[in-house]
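Colleague: I am new to this one. Could you walk me through how to read it?

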Amino acid sequence: MTHYLLKKYTFRKDHYDGINALYRLSAVMSLESTSNESRITEQIQQLILTVKTWSVVPNEIVVFPNRAELHWYTIGFQISMNQEQYLNLIQQFLSFLNNIPEMDVQFLERCLIEDPERLVWSVPNQMINFLPEFTSECFGLKGQEIKVLILNERLEVVA
């Protein structure tokens with residue numbers, strides 16, 4: 001299975017170098033395209049209620065006009081020691097997404113090329129998990145509210 005992932009995705013080597021901490025894992029899902037504010041609010045509220053039932057709850061939902069991005073940030077410092085361990089984590093995340101009922105949530109591979117968390121360089125080893133898994137102990141919301149950001153993709157340039 002890991003060979004499949006290597007062929008399908010581009011990975012940054014500093015995500016599994018045993019030095020840098022993981023930052024987040026991400027997914028994306030389509031939303032009903034509408035300009036009706038009450039319908040948008042209803043979709044977001046339903047999405048929040050749904051994700052709160054998942055075994056690993058995302059920290060953040062970023063809403064765009066036609067999609068929502070879901071982000072699971074690490075809890076503490078999670079470090080993958082080698083490529084095999086990192087690919088196993090990604091496989092766990094993909095399995096999690098594939099097992100979400102009634103929603104088409106897709107892996108957002110952009111998270112594989114984001115900068116890693118380098119703050120880990122200044123913490124003692126006791127604060128680091130060197131065996132990260134995609135569980136609620138290592139990723140996602142822990143006793144907080146889901147952060148919801150609503151963004152409009154149109155950029156207006158003023159000259």
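Colleague: Let me start with one residue. Is Cys111 buried or exposed?

Modeller: This is a predicted model, so keep that in mind throughout. Burial is judged by relative accessible area, and under 20% counts as buried. Cys111 has 2% relative accessibility, so it counts as buried.

Colleague: How many disulfides does the structure hold?

Modeller: A disulfide is a covalent bond between the sulfur atoms of two cysteines. Here there are 0 disulfides. Cys111 is in none, and the nearest cysteine sulfur, in Cys138, is 16 Å away.

Colleague: How far can I trust the coordinates?

Modeller: Where pLDDT is low, the predicted coordinates should not be read in detail. In this protein the average pLDDT is 90, and 94% of the residues score at least 70. Confidence is lowest in helix α1, residues 2-8, at a mean of 74. It is highest in β5, at 97.

Colleague: Now a helix. Which residues of α2 are buried?

Modeller: Take its length before that. Helix α2 covers residues 37-51, 15 residues in all. From its first C-alpha to its last it reaches 21 Å, close to the 21 Å expected. Its buried residues are Gln43, Ile44, Leu47, Ile48, Thr50 and Val51.

Colleague: What do the buried residues of α2 pack against?

Modeller: They pack against four strands: β1 (24-30), β2 (60-63), β3 (67-73) and β7 (147-150).

Colleague: How many residues of β1 are buried?

Modeller: In β1, 6 of the 7 residues are buried, so this strand is largely enclosed by the rest of the structure.

Colleague: How do I read the pairing of β1 with other strands?

Modeller: Look at the bridges and the direction. β1 and β3 run antiparallel and are joined by 7 bridges. Met29 stands opposite Val105 in β5.

Colleague: What about backbone angles? What is the phi of Glu102?

Modeller: Most residues other than glycine have a negative phi. Glu102 has a positive value, near 55 degrees. It sits in the loop between α3 (83-98) and β5 (105-107). At 67% relative accessibility, Glu102 counts as exposed.

Colleague: One more. Where does Glu114 lie?

Modeller: Glu114 lies in the loop between β5 and β6 (128-129). It is buried, with a relative accessible area of 14%. Leaving out residues up to four places away in sequence, Glu114 touches Arg12, His15, Tyr23 and Arg24. Take Tyr23: it is 91 residues from Glu114 along the chain, yet their C-alpha atoms are separated by 7.9 Å.

Terms used. Residues are numbered from 1 along each chain as its sequence is written. This is a predicted model: local features need pLDDT of at least 70, side-chain atom pairs count only at pLDDT 80 or more; totals for chains, interfaces and linings use all residues. Side-chain values use heavy atoms; hydrogens and water are left out. A disulfide is a pair of cysteine sulfur atoms within 2.5 Å. Buried means under 20% relative accessible area, exposed over 50%, partly exposed in between (1.4 Å probe, protein chains only). Helices (H or I, at least four residues) and strands (E, at least two) are DSSP runs, numbered from the N terminus. The expected span of a helix is 1.5 Å times one less than its number of residues. Contact means heavy atoms within 4.5 Å. Two strands pair if DSSP finds at least two bridges between them. pLDDT is the predictor's confidence in each residue, from 0 to 100.
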